[in-house]
Amino acid sequence: YSCCDAYAEAKCYIAILEGLKKWDMLEIADRHVTELLGVLRDVIARGTQTNPAALAVIREICATELEEWNETIKQLYPDEFKKTKWYKKAPPGTKNGAVKDGTVKSIGGKSGRYITTPTGEWGFRFEFNPSSPTQIKDYLRAKSIKVPKKHKTRKETTDSKALIRIYALTGDPLLKEILDRAKVEKVFNTHTNWPIDANSRVHPNFSL
């Protein structure tokens with residue numbers, strides 16, 4: 001697939017170059033590109049004025065909404081689908097009461113809670129991560145929903161377009177919450193984490 005992209009780009013470049021030469025526009029095009037590069041470099045150096053206080057407010061709003069969605073999704077995701085790590089003996093902290101059934105903790109950066117069975121077995125049940133493509137695929141399989149594949153690569157995907165199609169067919173409420181949450185998460189991760197200099201300016205990178 002990537003080879004086809006490179007081949008198509010090379011063919012377009014050759015055709016455009018021949019066209020510019022034919023119409024005697026090569027020098028003009030070269031000058032315009034050179035001038036544009038200079039403008040972009042100036043933009044990178046100068047930066048774009050922004051409002052750090054407003055960005056902080058947006059970030060706080062997004063963080064709050066994400067927490068609300070996380071709680072909603074936790075309620076919708078069935079416990080029996082969640083990955084559980086079982087212990088051969090009670091985990092440390094049970095004797096002094098620091099660890100009880102339902103105690104919330106993070107293990108390896110993954111949040112979850114301790115659980116016990118009526119027979120006294122201990123386990124740690126990991127919470128569902130709506131940002132994890134692997135866990136979304138596991139959920140679809142557990143619900144007997146076929147995991148969609150990309151048309152060109154035939155690899156499984158859980159991108160927004162695929163999930164929108166599945167939601168349209170199934171009406172699964174968890175998928176709707178995941179899709180709505182993803183919109184806020186994109187704003188939170190992409191548009192509120194810009195590096196800002198001492199003059200409250202953001203310096204874009206145009207990958208020159």
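**Surface and overall form**

I began with the surface: the protein exposes about 14,900 Å², and carbon and sulfur atoms supply 57% of that area. The areas come from the Shrake-Rupley method with a 1.4 Å probe, and for residues only the protein chains shown count as cover.

A note to myself on ground rules: this is a predicted model, so local features need pLDDT of at least 70 and side-chain atom pairs count only at pLDDT 80 or more, while totals for chains, interfaces and linings use all residues. Residues are numbered from 1 along each chain as its sequence is written, and side-chain values use heavy atoms, with hydrogens and water left out.

Next I checked the overall dimensions. The radius of gyration of the protein is 26 Å, whereas a compact globule of 208 residues would have one near 17 Å. That radius is taken over C-alpha atoms, and the globule rule is 2.2 Å times the number of residues to the power 0.38. Along the principal axes, the C-alpha atoms fill a box of roughly 85 × 45 × 30 Å.

I then looked up burial, and found that buried residues make up 24% of the 208 residues. (Buried means under 20% relative accessible area, exposed over 50%, and partly exposed in between, with a 1.4 Å probe and protein chains only.)

**Secondary structure**

I found six helices and six strands. Both are DSSP runs numbered from the N terminus: helices are H or I with at least four residues, strands are E with at least two. Read along the sequence, the pattern is α-α-β-α-β-β-β-β-α-α-α-β.

I also looked at contacts, meaning heavy atoms within 4.5 Å. Of the contacts with a separation of 6 or more, 56% are between residues 24 or more positions apart.

Which residues of α5 are buried? In this helix, residues 160-170, they are A162, L163 and I166. Seen down the axis, these fall within an arc of 95°, so they line one face of α5. (The arc is that of the directions from the helix axis to the C-beta atoms.) The face turned away from the buried side carries the exposed residues K161 and A168. The cover over the buried residues of α5 includes α4 (133-142) and α6 (173-191).

**The nonpolar core**

The largest nonpolar core has 14 residues, and L140, L163, L175 and I178 have the most contacts inside it. At least two of its residues come from each of α4, α5 and α6, with α6 giving the largest share, four residues.

Not counting residues up to four places away in sequence, I178 touches I73, F128, P130, I136 and L163.

**Cysteines**

How many disulfides are there? I counted zero, taking a disulfide as a pair of cysteine sulfur atoms within 2.5 Å. C4 is exposed, at 53% relative accessible area, whereas C62 is buried, at 7%.

**Loops and positive phi**

Most residues other than glycine have a negative phi, and I wrote down the exceptions I came across. R154, in the loop between α4 and α5, has a phi near 65°. S200, in the loop between α6 and β6 (201-202), has one of about 60°. S144, which follows α4, has a positive phi near 60°. After α5 comes G171, with a positive phi near 70°.

S131 lies between β5 (122-126) and α4 and is partly exposed at 34% relative accessibility. Leaving aside neighbours within four places in sequence, S131 is in contact with R181 and E185. E80 sits between α3 (52-76) and β2 (84-86) and is exposed at 64%. The C-alpha atoms of E80 and R125 are separated by 9.6 Å, though the two residues are 45 apart along the chain.

Note on methods:
A nonpolar core is a set of buried Ala, Val, Leu, Ile, Met, Phe, Trp, Tyr and Cys residues joined through side-chain atoms within 4.5 Å.
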